[in-house]
Amino acid sequence: MKMHIDQKYKVLKADLVETILNFNSFENGFGTGKRNSVKKIDLPNLTVVVKSFKIPFLMNQIAYKYIRKSKAKRSYEYTKKLTSLNILSPTPIAYIEYFSWFGLKHSFYISEFLDYDFTIKDLLKQPNHPEFETILAAFTRFTFKLHEKGIHFLDHSGGNTLIVKNNDGYNFYLVDLNRMKFEPLSFDQRMENFSRISPKKEMVEIMSREYASLINQPFEKVFERMWHYTHVFFNKSHHKKVVKDILHAKHFRDLCHN
């Protein structure tokens, strides 16, 4: 086991080790799926979020041991990098990696729990929210800030930005950070970065109008590109779902005939 704990949280080492060893016994999970498992866990003096990454495929096990950084390590280091660039994310605590002689097996990323109000994904379900356009415009300015700082968040989707309301407006916190690049973004990369946010045309229009004002470009130009990439992404997602459903139905029929 390799464990890296932020200096500020060294006193929690025993609690963190116990948490990882007993991770499967905790039932307070959210965002748990086939790929990874995420759980909110109460330590004696702190509430944390632990993300357990699934065991990689065989070749990736080797790559993560000898060539590439694990998703857990990247999550930790990218959060630290964002903090240095004045971008908010739940405070990183530690990452843990389990290796066999062959390669990486399990890995975990631990951060402080953030008591947020909602996400952009939640906002999709509340089109009559009194501050709907205000929040979406603020989120667009936040995304522009990422782009200006050379932060290319590859998983920039409706559920990966946590929103906290404060007296002055809203704060935005990025989560799920293991896929990120730090590079100058072209105009098309910036537009494509909005493609996972929402399939609703009216939301894309609001974001396009705000972003156009920030980069001093015509609304029509920004909207055309942003809507194009959004359309491509959600069409592709829908196609994948249709294919998956067909394959599942075929598998079910095969089982029934056997």
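Which residue just after H3 takes a positive phi? In this predicted model, the residue is Asn86, with a phi of about 60°.

Helix H3 has 14 residues, and the distance from its first C-alpha to its last is 20 Å. That span is close to the 20 Å expected at 1.5 Å a residue. Several side chains of H3 are buried: Ala72, Lys73, Arg74, Ser75, Tyr76, Tyr78, Thr79 and Leu82. In an α-helix there are 3.6 residues a turn, so residues three or four places apart point the same way.

Asn86 belongs to the loop that runs between helix H3 (71-84) and strand E4 (92-99). Its positive phi occurs although Asn86 is not a glycine. Asn86 counts as exposed because its relative accessibility is 58%, and the cut-off for exposed is over 50%.

With a relative accessibility of 28%, Asp176 counts as partly exposed.

**Aromatic pairs**

The structure contains 13 aromatic pairs. One of them joins Phe144 and Tyr211, whose ring centres lie 5.6 Å apart; their planes meet at 80°, so the pair is edge-to-face. The pair links distant parts of the chain, for Phe144 is in helix H5 (residues 132-148) and Tyr211 is in helix H7 (residues 201-215), 67 residues apart. Phe144 counts as buried because its relative accessibility is 18%, and the limit for buried is under 20%. Tyr211 is also buried, with a relative accessible area of 0%.

A further aromatic group is the cluster formed by Phe23, Tyr98 and Phe108.

**Lysines over aromatic rings**

Phe23, a member of that cluster, also has a charged neighbour: Lys39 lies over the face of its ring. In another such arrangement, the charged end of Lys40 sits over the ring of Phe113. The table gives the distance for each.

| Lysine | Aromatic ring | Distance from ring centre |
|---|---|---|
| Lys39 | Phe23 | 4.5 Å |
| Lys40 | Phe113 | 4.2 Å |

**Points to inspect in the model**

Two places may be viewed together with the text.

Methods. Residues numbered from 1 in each chain as written. Predicted model: local features only at pLDDT ≥ 70, side-chain atom pairs only at ≥ 80, totals over all residues. Heavy atoms only, no water. Phe/Tyr/Trp six-rings, centres within 6.5 Å; stacked < 30°, edge-to-face > 60°. Helix = DSSP H or I, 4+ residues; strand = E, 2+ residues; numbered from the N terminus. Buried < 20%, exposed > 50% of the residue type's maximum accessible area, 1.4 Å probe, protein only. Lys NZ or Arg CZ within 6 Å of the ring centre and 35° of its normal. Expected span 1.5 Å × (residues − 1).
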